[in-house]
Amino acid sequence: MKRILVSGGAGFIGSHLCTRLINDGHEVICLDNFFTGSKDNIAHLMNNHHFEVVRHDVTYPYSAEVDEIYNLACPASPIHYQHDPIQTAKTSVMGAINMLGLAMRLNAKILQASTSEVYGDPIVHPQPESYWGNVNPVGYRSCYDEGKRCAETLFMDYHRQNDVRVKIIRIFNTYGPRMLPNDGRVVSNFILQALNDEDITIYGDGKQTRSFQYIDDLIEGMIRMMDTEDDFTGPVNLGNPNEFPVLDLAQRIISMTGSSSKIVFKPLPDDDPKQRQPDITLAKEKLDWEPTIELEDGLKRMIEYFKNV
């Protein structure tokens, strides 16, 4: 049994990670300021004596005795991270510094949940970890994109300068139960609009592509990454290499829900990437990992979830 800290543990991804870690027999401290996280996401764990919830903002130092740290704290959808962009950048940067400081004091292993957004609007396709990205440093998305890039820098410098045992993953589009219905992401947006027979909103012409992985696949990759040898830091892409145009996704969801929704097109937001597809060669090689849940199966589960919330 390990004692594990999950910052952002009441969020969409964090709550699934906490559940998996508890089911694997570990003790878990869930750290969250509940800006986008919710107690509803972790309600099923509250009576487990191996699970502890702490309301805390990672921009301030935190101390506990733990063996491993998963650093997930940061709003991840454009609607939420653009609400207070200064706080978003502080969460990525100060949060990383505080969690790395804790890991250094405890000699704990620490994993950074980075993002495919570090690649920006990529001109290399698909994106391997060796690609440095095409990011606008002064745009509306920069608070998140550059905050996450800086966090990766800090992780590697703490590793090189202070021998902290770090792991970095870059998460591509992920969907599943407990996604916030109002976070502006395409899968949840399209399903809710289809279930309500509302117009389905596509920004741009719908030809921009995304790669969608189901939450269970991501959690498996995160666990495997944490369990790698200490001299392997990553970064490692975790995502589904199967690429889908956004328009195709909308049409598929309309068909699966039997919706009467119509598709409407609106202007593309600033700095919205045209393509996003991971090269997962490294994940296959180092983690023996690749997604196993097909989009059709994952969408069925999501549709059932949103029917019942």
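1. Burial. In this predicted model, 54% of the 309 residues of the protein chain count as buried. The accessible surface of the chain amounts to about 13500 Å², and carbon and sulfur atoms contribute 48% of that area.

2. Secondary structure and overall dimensions. The protein chain contains ten helices and 13 strands. Its radius of gyration is 19 Å, close to the 19 Å given by the globule rule for 309 residues, so the chain is as compact as a globular protein of that length. The C-alpha trace spans about 55 × 45 × 40 Å along the principal axes.

3. Contacts along the sequence. Among the contacts in the protein chain with a separation of 6 or more, 81% are between residues 24 or more positions apart.

4. Charge. The side chains of the protein chain include 30 positive and 43 negative ones. The centres of these two sets lie 1 Å apart.

5. The setting of I29. This residue belongs to strand β2, which covers residues 27–32. I29 has a relative accessibility of 1% and therefore counts as buried, the cut-off being under 20%.

6. The neighbours of I29. Leaving aside residues up to four places away in sequence, I29 touches R3, I4, L5 and V6, together with E52, V54, Y62, A64 and V66.

7. I29 relative to N242. The two residues are 213 residues apart in sequence. In space, I29 and N242 are separated by 34 Å, C-alpha to C-alpha.

Notes. Residues are numbered from 1 along each chain as its sequence is written. This is a predicted model: local features need pLDDT of at least 70, side-chain atom pairs count only at pLDDT 80 or more; totals for chains, interfaces and linings use all residues. Side-chain values use heavy atoms; hydrogens and water are left out. Helices (H or I, at least four residues) and strands (E, at least two) are DSSP runs, numbered from the N terminus. The radius of gyration is taken over C-alpha atoms; the globule rule is 2.2 Å times the number of residues to the power 0.38. Buried means under 20% relative accessible area, exposed over 50%, partly exposed in between (1.4 Å probe, protein chains only). Contact means heavy atoms within 4.5 Å. Accessible areas come from the Shrake-Rupley method with a 1.4 Å probe; for residues, only the protein chains shown count as cover. Lys and Arg count as positive and Asp and Glu as negative; His and the chain ends are not counted. The place of a charge is taken as NZ of Lys, CZ of Arg, CG of Asp or CD of Glu.
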